[in-house]
Structure formats: structure tokens, C-alpha cells
Amino acid sequence: MGPRRTSALPLAAALLAAATACVQGGGEIPAALQNVPGVIESTSPAGEPSSMNLQDLDNSVVFLVTTVSGYVLEPGDGEGDGARSAEVTAVRTCTGWMAGEGGEIVTAGHCVGRDEGRGAVVASYLSDHDVADEAALVAEVEIRVMAGQPGVDGAIITDWVRARIVDVMPAEQGDLALLRIDGPGAGPRPPALAIARDDPRPGDRVTAIGFPGAGGGVSEERAIQPPSFKSGTVSTRRASPRGAAGYEIDADLGPGMAGGPIVDERGRVVGVNSHATRGGYKEFNVVTGTAELRRLLAGNGVG
């Protein structure tokens, strides 16, 4: 696949906040943007590829910006209601991919999960406040997800579009999420990727796709860069505390690639980027398996 020419893709200023920044009282949102991994959904197209089509994979991947806005409530002193903070905003970036012909997107569950959103808002609040009992803090949040693609020749999504959260599978149950682009202005959808029938096996060669560290460079003046393709091998099978299947791979993944697809040598999705773990002398990356992905999609009528 040859080089792709990029052009600027505008992003609303409200999205340009650091994941640990606390924005209160209508102040300016900092320009820095912290990348945090994530997850979403999918629908298999008819037929399966006989070989990997890099252009189709490139065109299917989407850049996701999750903005969490909310308020932190401190406990009262026994004589009245607790204090309510000014609005706090936290932003994270992840990768998603098209899994259905109806605008369905798959990403990591923790990228759009409400519990993670509350945690991000509380962390932002604590970065500017000293609180005696941090565990007693409660956050009320709203979550907004926007999807975009690099501004290249032939790009399908040429402007930012809202992605609706359909379902979230918590981290301990599989770390997956399903999104859908189906509102006014959604426009044409990128091609959906095929999903493998079986989970990967130790020793299989795989490729992880996503946007590593891309969030910090996104602004009205800068472009979303094309996604990275990182090759590696499945090393072992893992299981979450709830028994959800996962796999370690040794591909070199970066923050921001969470939620991106893991594909086999035929270009079929065999997993979704989840999180990193340190074992022995090096860091391994954990991906969600195919069974959980298919279960999420089937439960929501996708595929």
C-alpha cells in the first residue's frame, strides 16, 4: 500500500482537553490530549477474504474521541448537602473499526464505559483539589463519542460524526463496546471487516491496527495520521476474573490503539486491542477473543 496524503480534519475545541485536565467555570480547555485505549462493535460482510487487503483495513478503521463531562459531588458534613463542583471535562482517544453495514463500530469497552468515565472525571477533579476522603466522591457524567478518519484521497468519513453508544461489555467481562453511526448527517459508511469464526491460537501471526499516540496532534490545524499496522505473534491464552477469553500478543502497541482490530493473515478480525500487562522481562498486550466479540454482536442483532 503506497503512502497516503493527509489533510486537516477539523475537531471542535471542546474535544481538545487533556484526559487529566480539570476544566471549570467555562475556562479554556487545554490543547494537550492524553491517549487512552478503548473498544466498540461489528457486523460481518458476506463472504470472507482469501488474503489481506490493506486498503480495506485502512479504510475501515476510525479514530474515536470520547469526551466525558460531569460534576463531582463531595459528601456533606452532616448538616446539609455536599458541595457540587463546577463542570469537569476529560477526553480520551481510542481506535474503532467498522463491523456492520448499518454503521456499527467496535471498540474497547473501557474507552466508552460509564465507570471509566466517572473515574476520569474524579481524577481530573483531584488533580486540582485536596480531598480528605477521595473514596467518598461521586461523579455525574455524560459521555459523547465522535468518529473521524484521516483526510486522505477516497476517505469515506470526511468530517466528524457522532457515534451512539449501543452496548458496553465491562473490562472483566470482555472489554468490548458497540457503537453506531446512524443519525442525521451520518453519510456513507466505511467498509465493514470480516470476523473470523474461531479464536486465534498461540503461535498465530497477527496484525494490530490503530492510532498510536495520534490524539495529541489532532486539532483544527493538524491532521489525523493514517493508522499504524503492528505485526506480532499470539503467545498465550488468558482469562479475565469473569472467565472472558483473551490472548497475549507481542506486537508493539501504543496508547490510542485500544479498540482497534487484530487481524489474521487473511485480514479477518480475530480480536480487539484491550490493554497492556507486564509479565517477566517485557510488556505484553492483551486482546479480546473472537467468541466474546461474536457474543456482543449477536446480542445486539449485528451480523
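A: Begin with contacts: two residues are in contact when heavy atoms lie within 4.5 Å. Among contacts in the protein between residues at least 6 apart in sequence, 73% join residues at least 24 apart.

Q: What should I know about the model and its values?

A: This is a predicted model, in which local features need pLDDT of at least 70, side-chain atom pairs count only at pLDDT 80 or more, and totals for chains, interfaces and linings use all residues. Residues are numbered from 1 along each chain as its sequence is written, and side-chain values use heavy atoms, with hydrogens and water left out.

Q: How many helices and strands does the protein have?

A: Helices (H or I, at least four residues) and strands (E, at least two) are DSSP runs, numbered from the N terminus. The protein has 4 helices and 12 strands.

Q: In what order do the strands of the barrel close?

A: Strands of a sheet pair through backbone hydrogen bonds, either parallel or antiparallel. Here two strands pair if DSSP finds at least two bridges between them. In this model 6 strands close into a barrel in the order β1-β2-β3-β6-β5-β4, with antiparallel pairing. From one strand to the next, the twist averages 40°. Angles run from 0 to 180 degrees between N-to-C directions, and axes are lines fitted to C-alpha atoms, for helices over the stretch in contact.

Q: How many bridges join β1 to β4?

A: 11 bridges join β1 to β4. The bridge partner of L73 in β4 is V138. Antiparallel β1 and β2 pair over 10 bridges, where V61 stands opposite W97 in β2. β4 and β5 are joined by 3 bridges, with A147 opposite V161 in β5. β2 (residues 88–98) and β3 (residues 104–107) pair over 2 bridges. There, W97 stands opposite V106 in β3.

Q: What lies between β2 and β3?

A: The two strands form a hairpin with 5 residues between them. In the turn, G103 has a positive phi of about 90°.

Q: Is β2 enclosed or open to the outside?

A: Buried means under 20% relative accessible area, exposed over 50%, and partly exposed in between (1.4 Å probe, protein chains only). For β2, 11 of the 11 residues are buried, so the strand is largely enclosed by the rest of the structure. V88, A90, R92, C94, G96 and M98 point one way from β2, while T89, V91, T93, T95 and W97 point the other way. Across the protein, buried residues make up 50% of the 303 residues.

Q: Which strands does helix α3 touch?

A: An α-helix has 3.6 residues a turn, so residues three or four places apart point the same way. Helix α3 (residues 114–126) packs on the sheet, touching β1 (61–73), β2 and β4 (138–148). Its direction makes about 145° with that of β2. The buried residues of α3 are G117, A120, V121, V122, S124 and Y125, and they pack against β1, β2 and β4.

Q: Which strands does helix α4 lie across?

A: Helix α4 (residues 290–299) lies across β2, β3, β5 (161–169) and β6 (176–180). Helix α4 runs at about 40° to β6.

Q: Which residues have the most contacts inside the largest nonpolar core?

A: In soluble globular proteins, nonpolar side chains tend to be buried together. A nonpolar core is a set of buried Ala, Val, Leu, Ile, Met, Phe, Trp, Tyr and Cys residues joined through side-chain atoms within 4.5 Å. The largest core has 28 residues, and those with the most contacts inside it are I105, V121, V145, L179 and I181. The largest share of this core, 5 residues, comes from β4. Leaving aside neighbours within four places in sequence, V121 is in contact with V68, G70, V72, V88, A139 and V141. A second, separate core of 25 residues includes M146, W160, L296 and V302.

Q: With which side chain does S274 make a polar contact?

A: A polar contact is a pair of N or O atoms within 3.5 Å; within protein, one must be able to donate a hydrogen and the other to accept it, and residues adjacent in sequence count only if both atoms are side-chain atoms. The side chain of S274 makes such a contact with the side chain of D175, at 2.6 Å. S274 lies in strand β11 (residues 269–279) and is buried, with a relative accessible area of 6%.
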